[in-house]
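Here are my notes on the chain you asked about, as numbered points. Please have the view open beside you while you go through them.

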Amino acid sequence: MGQFHYDVPDAASDFIGQSLWQDAYICGIEGVPFQSQNRFDGNRLTITRHGIDSSGKLYLACLIPGLGYRTLSTCSLRPMPDEGYLLPLELARSSCYRARVQSDGWQRAGLNLSREFIDGLAEGTEAFLESAGRRADPSSSAASAIRAIQILERSMADLGESYAVQSIAFRKQREPHIGTLLAGTVIPPSPTPGEDANRFSEAFNAAAVRLNWADIETDSGRFDFEAADNTIQLLNNKGMRIIGGPLIDFRERLLPHWLYLLEENFESFLQAVTHYVETTVTHFRGQVQLWNCACGLNTQGPLELDDEQAMRLALEILSTVRRTDPNTPAIMSFDQPFGEYLGKHRDAISPLHFADALVRTGLQMAGIGLEFRVNYKNASTLPRSAVDFGLMIDRWATLGMPMLVQISVPGGIGGDPSAQAPSEVLTYDAQTADAAAEQLRIAGPMIRTLLAKHIVHGIVWDGWNDSDPHVMSHSGVIDQQGHPRPLFEYFKRLRKEFLA
């Protein structure tokens with residue numbers, strides 16, 4: 001049994017107690033999470049992997065003042081059935097290692113490090129060394145380790161900002177207007193003609209029009225395209241590029257209610273899917289510039305599919321789109337690209353391996369979509385630094401495919417009656433005080449990191465107006481009262497200053 005024990009001294013009990021320890025997981029050398037069982041009794045965090053004895057890194061989201069939740073990690077450690085590692089020290093060790101190694105690599109590549117980062121790295125390293133020197137006194141060591149983590153993670157945020165700003169400036173020297181698509185997601189009939197549509201075109205240069213199966217084929221064989229027709233015509237008249245889809249979003253509330261009749265018959269379900277996809281693509285052929293075929297097939301959905309069925313479903317959807325509209329590029333999207341869900345589901349599919357298998361099929365997939373839902377409690381990506389977020393994009397870039405990255409971050413808290421796939425927001429003091437400002441603080445570094453990446457051809461914000469139907473809770477850049485959130489103004493500036 002590969003069991004990891006991490007000791008938590010009293011000085012760190014609040015720090016670890018406030019963490020998302022239930023969602024912690026261990027990764028091996030490939031970066032794929034192992035399925036595990038987690039237990040925390042206030043003094044020791046135990047992660048148990050059955051039948052696996054190899055070394056691994058712990059990933060744990062902790063609350064950092066000024067940063068919100070931030071996923072920390074340890075360096076690679078071997079499991080010990082009886083002894084425990086001093087958890088704060090090991091987290092500080094990894095923060096120090098990541099900051100020093102990444103900054104050194106980027107500096108050698110030409111990045112100019114800020115004075116704030118250099119001073120923070122020195123101070124954080126000193127605090128880590130102090131923690132390591134006091135490990136015989138666990139409480140004193142833990143206090144120094146937590147201080148080191150806080151300093152080093154703030155320094156990592158500064159490092160990520162330096163990378164993004166300098167990389168974007170480098171791109172602008174060669175591209176007066178960066179060609180990246182910046183799209184907002186709308187659910188027909190949104191946006192409505194008039195001020196709503198004008199504000200949309202001020203913030204975005206493209207639109208991702210969700211063609212939800214549940215909204216279009218409300219009863220088996222009965223299709224209603226009127227709302228989607230009006231929306232796509234309006235946006236085309238605005239000169240916007242249209243991303244159609246995802247055609248299939250493998251989440252319960254986004255699939256037709258009548259599918260329960262087919263849940264025991266995969267062949268009938270597959271036939272229903274391909275019929276919907278073929279009918280919808282045929283209807284909108286020539287009006288859409290990119291098809292987003294499906295998303296969420298790599299995660300647990302409302303219908304239980306094994307690996308073979310999930311792959312077969314993905315292939316049928318993609319081949320149907322390519323056959324029906326061969327002149328329009330098509331992509332497949334993958335949920336939670338870090339693979340956190342693998343820590344809780346033994347039989348789930350690794351997102352990167354699933355994508356790699358599809359790329360190798362030869363079906364002329366034009367690119368890959370990645371979906372990040374951040375600061376939600378369920379079925380979401382754990383909050384990461386911009387540096388770690390960018391490194392994950394680089395890892396997916398090894399597939400050699402252009403990327404379309406979709407992001408949603410809540411700008412409010414509490415219930416959201418207009419959300420089609422509502423999820424509870426991950427709250428903390430700053431989020432509770434000003435959720436809209438936190439939305440911008442979290443999303444801004446992610447968006448700048450993506451603009452710095454040539455491999456990223458499109459950024460999709462999964463939300464527009466919270467007063468209209470939308471997918472994720474409070475994800476809009478316009479709130480429920482129709483007031484723009486700070487992120488809306490940020491998108492307007494990006495649209496005007498950087499994007500074609």
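**Notes on the chain**

1. What you are looking at. This is a predicted model, in which local features need pLDDT of at least 70 and side-chain atom pairs count only at pLDDT 80 or more, while totals for chains, interfaces and linings use all residues. Residues are numbered from 1 along each chain as its sequence is written, and side-chain values use heavy atoms, with hydrogens and water left out.

2. Overall build. The chain holds 14 helices and 17 strands; these are DSSP runs numbered from the N terminus, with helices being H or I of at least four residues and strands E of at least two. The radius of gyration is 23 Å, close to the 23 Å that the globule rule gives for 500 residues, so the chain is as compact as a globular protein of that length. That radius is taken over C-alpha atoms, and the rule is 2.2 Å times the number of residues to the power 0.38. Along the principal axes, the C-alpha atoms fill a box of roughly 70 × 50 × 40 Å.

3. Burial and contacts. Of the 500 residues, 59% are buried, where buried means under 20% relative accessible area, exposed over 50%, and partly exposed in between (1.4 Å probe, protein chains only). Take the contacts between residues at least 6 apart in sequence: 76% of them join residues at least 24 apart. Contact here means heavy atoms within 4.5 Å.

4. Charge. The chain carries 44 positive and 60 negative side chains, and the centres of the two sets lie 7 Å apart. Lys and Arg count as positive and Asp and Glu as negative, with His and the chain ends not counted. Each charge is placed at NZ of Lys, CZ of Arg, CG of Asp or CD of Glu.

5. Domains. How is the chain divided? Domain 1 covers 2-170 and domain 2 covers 177-499, with bounds that come from an automatic or database domain assignment. Domain 1 gives 32 residues to the contact and domain 2 gives 29 residues. Taken over C-alpha atoms, the domain centres are 31 Å apart.

6. Ala-61. This residue sits in strand β5 (residues 57-64) and is buried, with a relative accessible area of 1%. Beyond its neighbours within four places in sequence, Ala-61 is in contact with Ser-19, Leu-20, Tyr-69, Arg-70, Thr-71 and Leu-382. Ala-61 and Glu-217 are 156 residues apart in sequence, and their C-alpha atoms are 40 Å apart in space.

7. Two cis peptide bonds to look at. The bond from Ser-190 to Pro-191 is cis, with omega near -5°, and Pro-191 lies in the loop between β8 (181-186) and α5 (195-203). The bond from Gly-245 to Pro-246 is also cis, with omega near 10°; Pro-246 is in the loop between β10 (241-244) and β11 (248-249).

8. Helix α5. Which of its residues are buried? They are Asp-196, Ala-197, Arg-199, Phe-200, Ser-201 and Ala-203. The cover over the buried residues of α5 includes β8, β9 (206-209), α7 (226-237) and α14.

9. Thr-279. Helix α8 (residues 266-284) contains Thr-279, which is partly exposed at a relative accessible area of 23%. Leaving out neighbours within four places in sequence, Thr-279 is in contact with Phe-223 and Phe-225. The C-alpha atoms of Thr-279 and Pro-191 are separated by 24 Å, and the two residues are 88 apart along the chain.

10. Positive phi values. Gln-336 is not a glycine, yet has a positive phi of about 45°. Gln-336 lies in the loop between β14 (330-335) and α10 (351-359) and is buried at 6% relative accessibility. His-474, likewise not a glycine, has a positive phi of about 55°; His-474 is in the loop between β17 and α14 and is buried, with a relative accessible area of 3%.

11. Asp-462. Is this residue buried or exposed? Asp-462 counts as buried, at 2% relative accessibility. Its place is in the loop between β17 (456-461) and α14 (486-497). Not counting residues up to four places away in sequence, Asp-462 touches Thr-185, Arg-210, Gln-406, Ile-407, Ser-408, Val-471, Met-472 and Ser-475.
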